[in-house]
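Here's a quick briefing to read with the structure open. Take a look first, then we'll go through some charged pairs, a helix and a loop residue.

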Amino acid sequence: MSFIENEFSIHKSHQVNTSIDAGQFAGSTELILITDHRTNKCRNRQQIIVNEKSENYCRNYMRKIFRKKTLYKRLPIFQWLPKYSRRDAIGDLIAGITVGLTVIPQGLAYSNVAGLPTQFGLYGSFMGCFVYVLLGTCKDSTVGSTAVASLLTYQVAKGKWERAVLLTFLTGFIEIFMSIFRLGFLVDFVSGPVSAGFTSAVAMIVSTSQIKNILGVQSEGSSFLQRWISMLNDIKNIRVNDAILGICCVVMLLGMRTLGKLKIGPKAQDEQNWKHKCVNKILWFMGVMRNAMLVIVCTAVTMYLESQGKHYFKLTGNVPEGLPSIALPPFSIAPRPANETYGVPEIKGETFFEMIENLGYGLIIVPMIAMLENISACKAFAKGKPIDATQELLAIGMANVANSLFQGYRANSGLARSAVNNASGVRTPLANLYIGLVVMLALVYLAKYFYYIPLSVLGAIIISAVIFQVQYHVIKPMWRSKRSDLLLSFLAFMACLVMPLEIGILVAIGVNLLFILYHAARPKIMLETMQSVDELKFLKITPDRCLIFPSAEFVRNLILKSGCQSSLPVVIDCTYIYGSDYTAAKVISSIVDDFKSRQHKIIFFNLKPSIAQIFEGLHAQLILCYNVDSLSYELKNHNGYEDNSGNNKITNTIAVIKKDERFRYLYQRRKTITIDEDRIKFCISFSKYNRCFPNEM
């Protein structure tokens, strides 16, 4: 119901019966926003005056930054650290060690996805954790290598560690600037269907990239199809031992994952005895620690076989011991000649600007996708609480800048790792401290043993982890809810598989925006023949959303066609027009001129003052009505009932103004009421603003 029908006795007589093509003007019913149409224009004017008299904006902004509330908001550790208890410390310690033992094999495995030496997966898994302790807002979130970050790093950096580290450094600063300018809302432009299709494509691509380690074949190319074609061409060189080990590891990991979800005894924990609880904890621990347990067992077996001179499997290779040195990321690549003896290819040198050119639009895509992944992980465990996207951007940006100083590549907040953290009983973000310490201890004391880890085991770890990121469970709900979203998700999935990942996601987002623009360009227009209490008939046209440039011509054609087919005055019910622009103003001006040339009255009912100001900027002679009295008066004029008494006109006008809440305050502040033929201008005056609001009665 519109404003005109809710508050006054204008009754619908009958639906308009015209020959207008219904299919041509059938628009979308979505994106209807109902706003408060009683906004006081005077109040907005006063607010402008108050703002102009206020102090300098920069001074106020700086004052807001350096205050206690802002400090607590931007350093969340001050909120939970004073309340930290012994119980919190025990929970964080257990969760940190548990997740840390999970991060080590994942970090080693994801470095292969990124096309980097094995140690880089661990270099980017400890400093980010330390930073997140200070700046992070989500207790369950952990910072480290993820499938999405690793795959994007591979496709942008092309397997060169110098580019990967510089990408981490620059994207970290970009995320910091995004947080300063509060650009966290950009994640809203990636819809759920697009995100589901993108995540599923990443899972398929990452799994494909690790099949080469399981089968022991060559795999080249940046897209899904290119990798499969390359592997099929080299299938004759398959390594049987690696294939058997890899397949067995995948089966074992999936079985242990299922085992970790089993529970014995009563479902309610209060009804379980100590035996049930003990067995359930052991089963859960085996499910959580399956990656670490498998790596330890396979590494021990491989070490024994190697000591016997039996080289059955392709191994990870040498991993440098100790922590990486602190240094700025490389801002250039020094040329290095080829070494045919050791099979080292030639490396061409690159300047800083050449490196930036090679990174290309990955500098924009990587932070956007990282923000989407981080916010998704936080929302998964927020339990309905609001997420501070600005603070999360700042935390992840600072974490990646810190990672780049230790030669680490991109680190994001992973959903799978965060789920393990949550299930381990984490209490505060301090658990990230223990995760970082576990990774550092592994680099210092266990790096020499990483040499014996079979690559097929690392490939099995990744495949068993990412295969569950395929969003097949959203197909049925999308089909029941809105099938066009399912089409959009499938498009995103196929685009990311066929094209490079960063191009595929851009294509999917672009198509999604086209869907939105189409709905904006085809609003639903309601055409009705109505009559007032005075039995004055008129044609009522009600758009259901804002009038902006995509929909301007569509609405114009409808109004003109309706006006030509009926001699009744046309009333545009502007209740739902909550926004407009210059293009729409030009269209409205042309419509008014066209009606005026045909001496056909067109009235704008309940048009928001802010929108009226846009239309009047092009000197459009609008007839504005905000209540039934003024509307009836205009309709009488059109039907030849105009009152020739000037005094009565002034009296009626003042009475109408008094009744209308929109202009009550203006009447109290009036200076003059003048008559200019058929137009009454109601002039008001503020301290330094003198403006007349045309209110044609």
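How many salt bridges does the structure hold? There are 13 salt bridges in this one, and keep in mind that the model is predicted. Here are some of them, plus two other spots to look at.

**Salt bridges**
- R74 and D388 pair up through their side chains, at 3.4 Å from N to O. R74 sits in helix α4 and D388 in the loop between α17 and α18, so this pair ties together parts that are 314 residues apart in sequence.
- Both ends are partly exposed: R74 has 21% relative accessibility, and D388 has 23%.
- E350 and R163 also form a salt bridge, with their closest N and O atoms 2.3 Å apart. E350 is in the loop between α15 and α16 while R163 belongs to helix α10, so parts 187 residues apart in sequence get tied together.
- Buried or exposed? E350 is buried, at 9% relative accessible area, and R163 is buried, at 9%.
- R598 bridges to D594, the closest N and O atoms being 2.9 Å apart. Shared partners link K160, R163 and E350 into one network of salt bridges.

**D140**
- You'll find D140 in the loop between α8 and β2, where D140 is buried at 2% relative accessible area.
- Its side chain makes a polar contact with the K139 side chain (3.0 Å), and D140 also touches residues including F381, S418 and V426.

How values were computed: Residues are numbered from 1 along each chain as its sequence is written. This is a predicted model: local features need pLDDT of at least 70, side-chain atom pairs count only at pLDDT 80 or more; totals for chains, interfaces and linings use all residues. Side-chain values use heavy atoms; hydrogens and water are left out. Helices (H or I, at least four residues) and strands (E, at least two) are DSSP runs, numbered from the N terminus. Buried means under 20% relative accessible area, exposed over 50%, partly exposed in between (1.4 Å probe, protein chains only). A polar contact is a pair of N or O atoms within 3.5 Å; within protein, one must be able to donate a hydrogen and the other to accept it, and residues adjacent in sequence count only if both atoms are side-chain atoms. Contact means heavy atoms within 4.5 Å. A salt bridge is a side-chain nitrogen of Lys or Arg within 4 Å of a carboxyl oxygen of Asp or Glu. Lists of a residue's contacts leave out its neighbours within four places in sequence.
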